[in-house]
Amino acid sequence: EEEEEENAIKSSDNVVVLKCMADGVEIELTQSSINDDYCDCTDDGKDELSTSACGNIGGEQRFECEGDGTRVFFSVIDDGVCDCCDGSDERNNEDVTCPNTCEDVLKEKEKTALIHQQGKFLRDKFVAEGKNLQERGVKMHCPDDAFFHLTKNCLSHDQGDYTYEVCPFMSVKQMKRGGSEPHILGKTPDFSRFMDSSTPIIATMGEGEHCAGVGARAAKLEFECGLEDKIIHVGEPSKCVYVFSIETPCACR
């Protein structure tokens, strides 16, 4: 599709070089209307692929960074923030100098790919283990064979003044350091979004202790690919609703 668009935009004077849609009507444009910082193709933005003029159309990622091929929103072009690793999104902004970080980005991508490869190997082992236990009649209170591995132990994490404990698909607790009684943040699992196409994989633990002005506390568990089972961060985006970022090989799909 990109090659077709590129072939359609050819240098010509007073000759139609691009046909596109504007408010549901097909229009024809000459070379002078291509990348002129005015959005003529209001339905698809094809005339401004190298500018930010059509950046609010459909929220599509269309500007391609020259360094690594990453595609970013038109709305971030020349906005003063270096989004492309080579700074090609800020090339026309004289007030910004972007360092070239493409080599570091490539190394990070390679590292991530290796983690996924190694994590997938571990996940396959956990899947086989879970299936074997099911065949032996062991009841598993988890949505996926691999995640039975997580139900064997509770995960603990210190953050701020609190210690958090997640016993996957059974309970989530918050304890004030110094020996206070724990608050139950969630105890009833909801797996409705667990194995859909969302990233990260999500499970919700509901029916936690009552929270004044809110109701029952709740904890959302977001599982990301990693080589160890560990909580990496706990957030509270709204009162008494907690989000746990958890790394585990079980999520390396």
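Is E222 buried or exposed in this structure? At 16% relative accessibility, E222 counts as buried, where buried means under 20% relative accessible area, exposed means over 50%, and partly exposed means in between, with a 1.4 Å probe and protein chains only. I will come back to that residue, but let me begin with the ground rules.

What we have here is a predicted model, in which local features need pLDDT of at least 70 and side-chain atom pairs count only at pLDDT 80 or more, while totals for chains, interfaces and linings use all residues. Residues are numbered from 1 along each chain as its sequence is written, and side-chain values use heavy atoms, with hydrogens and water left out.

Let me start with the chain as a whole. The protein chain has two helices and 15 strands, and these are DSSP runs numbered from the N terminus, helices being H or I with at least four residues and strands being E with at least two. Of the 253 residues in the protein chain, 38% count as buried. The accessible surface of the chain comes to about 14,700 Å², and 46% of it belongs to carbon and sulfur atoms; these areas come from the Shrake-Rupley method with a 1.4 Å probe, and for residues only the protein chains shown count as cover. If we take the contacts between residues at least 6 apart in sequence, 29% of them join residues at least 24 apart, contact meaning heavy atoms within 4.5 Å.

Now to the salt bridges. A search of the whole structure finds nine of them, a salt bridge being a side-chain nitrogen of Lys or Arg within 4 Å of a carboxyl oxygen of Asp or Glu. One is formed by R91 with E66, whose closest N and O atoms are 2.8 Å apart. Because R91 lies in the loop between β4 and α2 and E66 in the loop between β3 (61-64) and β4, this pair ties together parts that are 25 residues apart in sequence. E66 is exposed, with a relative accessible area of 56%.

Another salt bridge joins the side chains of K176 and D161, at 4.0 Å from N to O. Here K176 lies in strand β7 and D161 in the loop between β5 (155-159) and β6, so the pair ties together parts that are 15 residues apart in sequence. K176 is partly exposed, with a relative accessible area of 38%. The residue I opened with, E222, meets K220 in a salt bridge of 3.6 Å, N to O; K220 is partly exposed at a relative accessible area of 27%, whereas E222 is buried at 16%.

Let us move to the loop between β4 (71-73) and α2 (102-135), which is where D83 is placed. Which residues form a negative surface patch? They are D36, D37, D78, D79 and D83. For a patch, residues must have over 30% relative accessible area and no salt bridge, with like charges joined within 9 Å and nonpolar side chains (Val, Leu, Ile, Met, Phe, Trp, Tyr) within 5 Å. Lys and Arg count as positive and Asp and Glu as negative, while His and the chain ends are not counted, and the place of a charge is taken as NZ of Lys, CZ of Arg, CG of Asp or CD of Glu.

D78 lies in the loop between β4 and α2, and its phi is near 55°, a positive value in a residue other than glycine. Most residues other than glycine have a negative phi.

V76 lies in the loop between β4 and α2 as well, but V76 is buried, with a relative accessible area of 16%. Leaving aside neighbours within four places in sequence, V76 is in contact with V81, D83, D89 and E90. V76 and E90 are 14 residues apart in sequence and 8.7 Å apart in space, C-alpha to C-alpha.

I will finish with two phenylalanines. F169, in the loop between β6 (162-167) and β7 (171-176), has a positive phi of about 70° although it is not a glycine, and F169 is buried at a relative accessible area of 1%. F126 is placed in helix α2 and is buried, with a relative accessible area of 12%. Setting aside neighbours within four places in sequence, F126 is in contact with D145, A146, H149, P249 and C250.
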